[in-house]
Amino acid sequence: MNKEKFFIKIAIDSPAAAGAGTLAKLISKHYNLFYLDTGKIYRYVAYLKLKHPKKFNQKFIKLKIKSLKIKDLSNKDLLSNAVSIESSVISKLKTIRKLVHSFQLKFAYKPPKKFNGSCLDGRDITYKIIPDADFKFYITANVNTRALRRYKELKALNKKISYKDVLKSIKKRDKNDFNRKISPLKKTKDSILLNTTKLSKRQCFLKIKKIIDRKIFN
Ligand code: C5P
């Protein structure tokens, strides 16, 4: 690929709080890619369920997803523990996944023109949403490290939660995400494994950058 102009699609799957979001943002900024945190869309649906339990049906979700804007996904309420757990429950449902898929596909394959491509992270991106991605990564870390990172993030947001509860919540979500029948979290054979447990953000970023640069600038 040529240095000035390229179009790449990056697919990342990872369990909760493994650092995938942070890395995806750094990579997207570096290569000028459109970044979509797909977990936020499931969180948004979970948030709607908790906020409007009586209205929560397929028609309601369809309408909400149709009018969903990227900026709606930065709502801080989507980060609460209740929303986290509920998101891993509603994401097991085929009907909900189908509705969320079209939103993701649009941004994966047709990001706004000013970008050099797209970078999506989630649980089924490498094999369901962008099976033909130019780069596929499976980012993981030890469960205690993940819980500690998420605990620190939540504390920084002034959320009242203990480390023990965060660990419990992450284990529960792992169980749901790895074991569900539809689109479970898994590492595909063609994904590059990156274990972030003992690495700094910078070290992880450089590892990914090296892999991408080797392919696009050669
Ligand atoms: O990535 P994040 O932890 O914010 O995702 C919240 C939940 O959304 C996950 O626990 C998972 O159940 C669901 N999810 C999914 N498929 C994706 C992204 C997230 O099922 N592509």
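In the predicted model, the ligand sits in the largest pocket. A pocket is defined, on a 1 Å grid over the protein atoms alone, as an open set of points with protein on both sides within 12 Å along at least five of seven lines, and a molecule sits in a pocket if more than half of its atoms lie within 2 Å of its grid points. Two or more residues each are given to the shell around the ligand by α2 (39–51), α4 (81–90) and α8 (163–179), where helices are DSSP runs (H or I, at least four residues) numbered from the N terminus. The largest share, three residues, comes from α2.

This is a predicted model in which local features need pLDDT of at least 70 and side-chain atom pairs count only at pLDDT 80 or more, while totals for chains, interfaces and linings use all residues. Residues are numbered from 1 along each chain as its sequence is written, and side-chain values use heavy atoms, with hydrogens and water left out.

Around the ligand there are 15 residues, of which Arg43, Ser91, Arg97, Arg173 and Asp177 come nearest; a residue counts as near if one of its heavy atoms lies within 4 Å. By class, the shell comprises seven charged, six polar and two nonpolar residues. Polar side-chain atoms of Arg43 and Arg173 lie 2.6 Å and 2.7 Å, respectively, from an oxygen atom of the ligand. For Asp177, a side-chain N or O atom is 2.6 Å from a ligand oxygen atom. The protein covers 94% of the 450 Å² of accessible area that the ligand has on its own (Shrake-Rupley method, 1.4 Å probe).

Six aromatic pairs are counted, with ring centres within 6.5 Å. Phe6 and Phe217 form an edge-to-face pair (planes over 60 degrees apart), at 6.1 Å centre to centre and 80 degrees between the planes. Phe6 lies before β1 (8–13) and Phe217 after α9 (201–216), so the pair ties together parts that are 211 residues apart in sequence.

Technical notes:
Polar contact = N/O pair within 3.5 Å; in protein donor to acceptor, adjacent residues only side chain to side chain. 1 Å grid on protein atoms, 1.4 Å probe; cavity = no way out; pocket = protein on both sides within 12 Å on 5 of 7 lines; lining within 4 Å. Nonpolar A, V, L, I, M, F, W, Y, C, P; charged D, E, K, R; others polar. Phe/Tyr/Trp six-rings, centres within 6.5 Å; stacked < 30°, edge-to-face > 60°.
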